[in-house]
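Hi there,

Here is the structure I promised to pass on to you. My notes on it follow below, with the cut-offs spelled out along the way.

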Amino acid sequence: MTAPIPLPPQELPGITFGDRLLGFLQLVRFANVFTAMADILLGFALVNGSFTPTHSFVVLLAVSVCHYWTGMIFNDVFDRAIDAEQRPLRPIPSGRIPVKVAVAIGIICNITGLGLAAYVGRDSLIVAAALTVSIYLYDKVLKKTPLGPVAMGSCRFFNVMLGASAAINDSPWSVNPLVVATGFGVYVTGLTWFAKQEAKWSHRGLLIAAAGVIAAGLCILAGFTWKASGGLEDPSSTLLVLGMIAFTVGRRLVTAISEPSPQNVQLAIKVMLLSLVMLDATLVVYVTGQSALGLVTAALMIPAFILAKWIPMT
């Protein structure tokens, strides 16, 4: 008998344009991108005292979005074999987003982000390139190693520095942006460590250690507020708000540590991710002395919170 003639690949039945659109939004964790944008607002305010010059500000927002989407896309590209076994409904293993399409979109996002960063200036390109390296190191090399959370924390560090890279009145490499970026990097390192086993019952010891790293990141941000001079002369109100954010996060951490089920751990992760926006907004008010700019930053939590109901943040 002759071998059957192979048929051309067939598109999976029942996949509509709406399915593909939702798949893309899930692939890039669309609800999360607003936390990355908030970092740009803070970094920009740290060195310029406002959100001007507008053209650099807007372009850096686009750079951050492009890099965030790059990281999320290649995270799923490199994890597609594991996802096929453990999370078959994810966009790539479910067939809603073909892997070649995902790779193409990821490359386009990355190149676009680097090009836009070069348009802003040399410092922005340097930081964007460092962010790119951190993204690929995490996604491809370090994610499953003990250094994975550190690599993810470095991505957040460079994202804050990206906002500071268009400095007009200061240097992006001055103490204030470096300290604040470090605080966010340490916080996200702990958050990533906390999420290490989120798909199953987590080890309580791991959660406790991760909670300690998260607390260290919050302490760095509080220390910055206490020591650095900002637009607000009295840091007490800022420290009070930071304390309220820490309490909200801490309450979820305690619940998850007490009963480390996937539901409790994932809820704690969601709260920590959304809290990033509020941390950014609180510090924007402190460094600029302008409540309106803080409200603009905090408003980014509204679409993040709404979209998180349909698009998982983890």
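Let me begin with a definition: a residue is called buried under 20% relative accessible area, exposed over 50%, and partly exposed in between, using a 1.4 Å probe and protein chains only. By that scale Phe-158 is partly exposed, with a relative accessible area of 21%.

Please keep in mind that this is a predicted model, where local features need pLDDT of at least 70 and side-chain atom pairs count only at pLDDT 80 or more, while totals for chains, interfaces and linings use all residues. Residues are numbered from 1 along each chain as its sequence is written, and side-chain values use heavy atoms, with hydrogens and water left out.

**Confidence**

The score here is pLDDT, the predictor's confidence in each residue, from 0 to 100. Its mean over the chain is 92, and 96% of the residues reach 70 or more. Helices are DSSP runs (H or I, at least four residues), numbered from the N terminus. Over residues 1-11 pLDDT stays under 50, and the model has 1 contact beyond four places in sequence for them; a contact means heavy atoms within 4.5 Å. Where pLDDT is low, the predicted coordinates should not be read in detail.

**Aromatic pairs**

Rings of Phe, Tyr and Trp (its six-membered ring) pair if their centres lie within 6.5 Å; planes under 30 degrees apart are stacked, over 60 edge-to-face, and the rest tilted. The structure holds 9 such aromatic pairs. One of them joins Phe-24 and Trp-69 edge-to-face, at 5.6 Å centre to centre with 85° between the planes. Because Phe-24 lies in helix H1 (residues 17-27) and Trp-69 in helix H3 (residues 54-78), this pair ties together parts that are 45 residues apart in sequence. Phe-24 is buried at 18% relative accessibility, and Trp-69 is buried at 18%. Another edge-to-face pair is Phe-157 with Phe-158, at 5.1 Å centre to centre and 80° between the planes. Ring pairs also link Phe-24, Phe-30, Phe-34 and Trp-69 into a cluster.

**The largest pocket**

On a 1 Å grid over the protein atoms alone, a pocket is an open set of points where a 1.4 Å probe fits, with protein on both sides within 12 Å along at least five of seven lines; lining residues have an atom within 4 Å of a point. About 1,400 Å³ of space lies in the largest pocket. Its lining has 47 residues, and Arg-29, Asn-75, Tyr-138, Glu-198 and Thr-314 lie nearest the centre. Helix H3 gives the most to this lining, with 7 residues.

Which residues does Gln-266 touch, leaving aside neighbours within four places in sequence? Gln-266 is in contact with Glu-198, Ala-199 and Thr-314. Gln-266 lies in helix H11 and is partly exposed at 31% relative accessibility.

**Backbone details**

Arg-29 has a positive phi of about 50° although it is not a glycine. Arg-29 sits in the loop between H1 and H2, and is buried at 8% relative accessibility. The peptide bond from Thr-52 to Pro-53 is cis, with omega near 5°, and Pro-53 belongs to the loop between helix H2 (33-48) and H3.

Best wishes

Technical notes. Helices (H or I, at least four residues) and strands (E, at least two) are DSSP runs, numbered from the N terminus. Grid points are joined across faces, edges and corners, and a volume is the space filled by probe spheres set on the points.
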